[in-house]
Amino acid sequence: MKRLLNIEWNKIFYYKSARIFTILYFLMLAAVGVVLAYIKPEIGGIELDIAQLGFFNFPDIWQNIAYVVAIGKIFLGVIVIMNVTNEFSNGTLKQNLIDGLSKKEFLQSKLLTNFIFAAVSTLFVFAISLILGFVFSNSQDAVFRGVEFIGAYFIKLAFFFSFCLFLALLLRKSAFSLLGLFVWWVVEGIISVVEVLIIMARNNGNIDPEGFFISNFLPLKSSANLINFPTMNPQGFITGKSIFVSSSVDWMFVLSTVFYTALFIWLSYRLLKKRDL
Amino acid sequence: MEKVLEIGHLTKKFGKMTAVDNLSFSVEKGNIYGLLGPNGSGKSTTLGIILNVVNPTIGSWKWFGEDPTTNSLKKIGAIIERPNFYPYLSAEKNLEIVAQIKGAAKHKIDEKLKLVGLFDRKHDKFRTFSLGMKQRLAIGAALLNDPEVLILDEPTNGLDPQGIIQIRELILQIASMGTTIILASHLLDEVEKVCSHVVILEKGKTLYSGRVDEMTAGFGYFEISSGDNHRLQEVLLSLPHFDRVSSENGNGLLKAILREDLSGEVLNKQLFEQGIVLKHLVKRKESLEQQFLQITKNQNG
């Protein structure tokens, strides 16, 4: 494993774009924390201070921060894709295999990199949330009660990178892989809409938004459902308390996302094994 | 002789196209093997299979008498098609990755860079290299683990004459150290100059497999002319030594292909006894190139 890490380190660390984008990504995460805490825009004469709304209160802060920074995963996703498609365009995948790296070891080295990216990003988000919570939370009780969202964040990233890896191995060009990601996302959206329309047609136009949707368990959707948009209650705003309602991670989505992660890793392996390079 | 590589009944189909067709040959230790064939004859596919990057349809092969694993690959150095490296890394860093994959010692990097004459450029990025330098770096990388076998696929392709000479000298130098070399090429001249053994492929099939010098084991032919070539041709055909006699295009020379060994002296004497005085008499053996063209032609016909 140390050998695979050494190899990957040489490949990525000295690759200028990857280095710059990784540094930018982490600066961005830090900046999100600073911006959320210290920028208070005025809207219609009223100063909007999200700290006042209870955004940074324990235990809600874990979900809130994890939800906001999750979009940044695209950044690392691009690096993950480039890291694989470059091996195709440089012909180095072929050369690595000829030099005696097995296909399995190649995949392992890429997965290892992906999981390290996910782990470092998770640690970073954990630290930011903890610091902002200690500074701005109105109560220091139950600090770690919602910390499961940080675990969900790791699973979400690990899934996303595995999916990107699969697309990169399948399509071999970075532009196509990113396009593939976008197309997949659109297709999932269309499937969701179709399902809603079918249910509404059956129930004379009525639908329960909290009801069960199969499309919620599609790969990207299920990983998105790990960390939902925080539930809010305007009542809290009127009474001057937090408007956020604590919630928890839905274990069904943890299971389905882990399942998809394993599935895409397995598909990647099969693809690599069967393909003539 | 110790066998380094044995290929048995290897076949590879891409859809309907058969790239390698029931190919069998073996490579003995310490020789330079040429894998010769026109473009598209299945050379690269064969190398791809024995190097684990192409899956065979059927067939098997053995490295060093054992079924192939990634460990056997670590005892081989190979370059396929073009030099493949990370363009943004220096020569040294690129070799470091190869050394990590092969499990070669780090101090080998400088040693091999010196061997291929790139030691002075070791901190320069791969993308700044000329094609000849890239090719030499690839050979250096392939030699990192002091392999028992070196596989080169079209190593002089696209190089200028000076680069070609450098690479050929390097190959002979490596061979003199006892490394077995398998060289794929579509250039007869190259195989003739460098190799001791040759496997000729066409459309995925073996046409010839054996020593290069035994390939020219035919009895050769005479280039011959006299004042009256018609009469000469008649007399030649009446003698028992020749398969056929053909007039060559416009140069006034007949080409008499031998059926048995015969010296020029004996032929000259026999013809003189028949009343023919020769203007021209040269005995030749066909070059590999002509043989190669002939072999492929026979197969097509």
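Begin by selecting Glu92(B) and Lys122(B) in this predicted model, where their side chains meet in a salt bridge with an N to O distance of 3.5 Å. Glu92(B) belongs to helix 3 of chain B, residues 91–102, while Lys122(B) sits in the loop between helix 4 (108–115) and helix 5 (131–143), so the contact ties together parts that are 30 residues apart in sequence. Colour the two by accessibility and you will find Glu92(B) partly exposed at 23%, whereas Lys122(B), at 12%, counts as buried because the cut-off for that class is under 20%.

Stay on helix 3 of chain B and select Lys93(B) with Glu96(B), two residues of that helix that lie 3 residues apart, about one turn. Their closest N and O atoms are 3.4 Å apart, forming another salt bridge, and here Lys93(B) is buried at 17% relative accessibility, as is Glu96(B) at 13%.

Next, move to Glu111(B) and Lys112(B), whose salt bridge brings N and O atoms to 3.1 Å. Lys112(B) is buried, with a relative accessible area of 6%, but Glu111(B) is partly exposed at 36%. Turning then to chain A, select Glu8(A), Lys11(A), Glu87(A) and Lys110(A) together, which salt bridges with shared partners join into one network. Over all chains, the count of salt bridges comes to 22.

Finish with the spans of chain A that an unreviewed UniProt entry lists as "transmembrane region", among them residues 65–84 and 111–137. Residues 65–84 are 85% helix and 0% strand, with end C-alpha atoms 30 Å apart, while residues 111–137 are 96% helix and 0% strand, their end C-alpha atoms lying 37 Å apart.

How values were computed:
Residues are numbered from 1 along each chain as its sequence is written. Chains are lettered from A and ligands numbered from 1 in the order in which they are written. This is a predicted model: local features need pLDDT of at least 70, side-chain atom pairs count only at pLDDT 80 or more; totals for chains, interfaces and linings use all residues. Side-chain values use heavy atoms; hydrogens and water are left out. UniProt positions are given in the numbering used here, feature names are shortened, and annotations may be inferred rather than shown by experiment. Helices (H or I, at least four residues) and strands (E, at least two) are DSSP runs, numbered from the N terminus. A salt bridge is a side-chain nitrogen of Lys or Arg within 4 Å of a carboxyl oxygen of Asp or Glu. Buried means under 20% relative accessible area, exposed over 50%, partly exposed in between (1.4 Å probe, protein chains only).
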